[in-house]
Amino acid sequence: MFLQAAVDAAYAAGKVALERQRSLGSIRFKGAKDVVTEADLECDRLIRERLEKAFPDHNLLTEEEGSSDKGSEYRWYVDPIDGTINYAHQIPLWGVSIGLARGGEMLCGAIFLPALDELYTVVSGGGAFLNGEPIRVSSVTDLSHAVISHGDFNVSADDVERQRLNSENFWARMRTVASVQRVKCLGSAAVEGAFIASGRLDGYWMVYLKPWDVAVTTLLVREAGGTVTDLSGKPWTLETNTALFSNSILHPSLLASLDWDRRRVSPESP
């Protein structure tokens, strides 16, 4: 019931977003570097209305409309269009992410990538799937053969925080680039998390995130056999503000390469 609601809402919002991409309308800046389109707002409303109708007692947190707290142990996490910059520039790496947690633990979720026609679904303890077929993380064992990705530069509406996060992202990139085969930046946590789960990427880090960005991908990656922690290697929760996703095998090597805690003592580029 919960998963089907997530799937139905993700499909409906994804189709609207894909259609609206042909005529985006106004694009508003919600910070110096971040934008929101009319499609973001329309899809947010669509998903919110569907979930509130189906589960009127559930809490709800969406990127564009914020939190609706009903005092429930259940909370939906919604990103109506993850990768809005990609979406606004006709780059097909964006998606809709909808997931449900109970007591802070993710139960299930769906990620729909409309431009790729890919639906990722996951239920805690039930495995991870792409268009109905089981998926697993990659089997790469050698860090030098790994293809990894990281979160965008220039995130956050605050100038000072944005500069700090850019420095941290640069630190992480320079710490890892020599150790791996390639470093990418695809611009969507939903896409990159899904690509970890399906074995297309071997690792992915974020120095800044909101829970709606990765609520579903953390469960998806784990159910596909991967590992998710914060950048110091501590357990990841919905309150954690950094993340490292991997195929599990490479996780210790990626943590060692990042050496995240060292950047607080020695923030200069290595």
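Two rings of Phe, Tyr or Trp count as a pair when their centres lie within 6.5 Å. Keep that rule handy for the tour of this predicted model: by it, the count comes to seven aromatic pairs.

Start with the rings. Select Phe 2, Phe 55, Tyr 74 and Trp 76, and you'll have a cluster linked by ring pairs.

Eight of them make up an open sheet, and if you walk across it the order reads 4-3-5-6-7-8-9-10, with mixed pairing. Where does the sheet end? Look at strand 4 (66–68) and strand 10 (133–134), the edge strands, each of which pairs on one side only.

Now zoom in on residues 95–102 and 105–113. These are strand 6 and strand 7, paired in the antiparallel sense over seven bridges. To see one spot along them, pick Ser 97: standing opposite, in strand 7, is Ile 111.

Last stop: show helix 4 (159–176) together with helix 7 (251–258). Their axes come within 8 Å and cross at roughly 120°, and the crossing is right-handed. Which residues make the contact? On helix 4, select Trp 171, Ala 172, Arg 175 and Thr 176; on helix 7, select Ala 256, Ser 257 and Leu 258. Colour that contact by class and you'll find four nonpolar, two polar and one charged residues.

Notes. Residues are numbered from 1 along each chain as its sequence is written. This is a predicted model: local features need pLDDT of at least 70, side-chain atom pairs count only at pLDDT 80 or more; totals for chains, interfaces and linings use all residues. Side-chain values use heavy atoms; hydrogens and water are left out. Two strands pair if DSSP finds at least two bridges between them. Helices (H or I, at least four residues) and strands (E, at least two) are DSSP runs, numbered from the N terminus. Axes are lines fitted to C-alpha atoms, for helices over the stretch in contact, and angles run from 0 to 180 degrees between N-to-C directions. A crossing is left-handed if the near helix is turned anticlockwise from the far one by less than a right angle, and right-handed if clockwise. Contact means heavy atoms within 4.5 Å. Ala, Val, Leu, Ile, Met, Phe, Trp, Tyr, Cys and Pro count as nonpolar, Asp, Glu, Lys and Arg as charged, and the others, Gly among them, as polar. Rings of Phe, Tyr and Trp (its six-membered ring) pair if their centres lie within 6.5 Å; planes under 30 degrees apart count as stacked, over 60 as edge-to-face and the rest as tilted.
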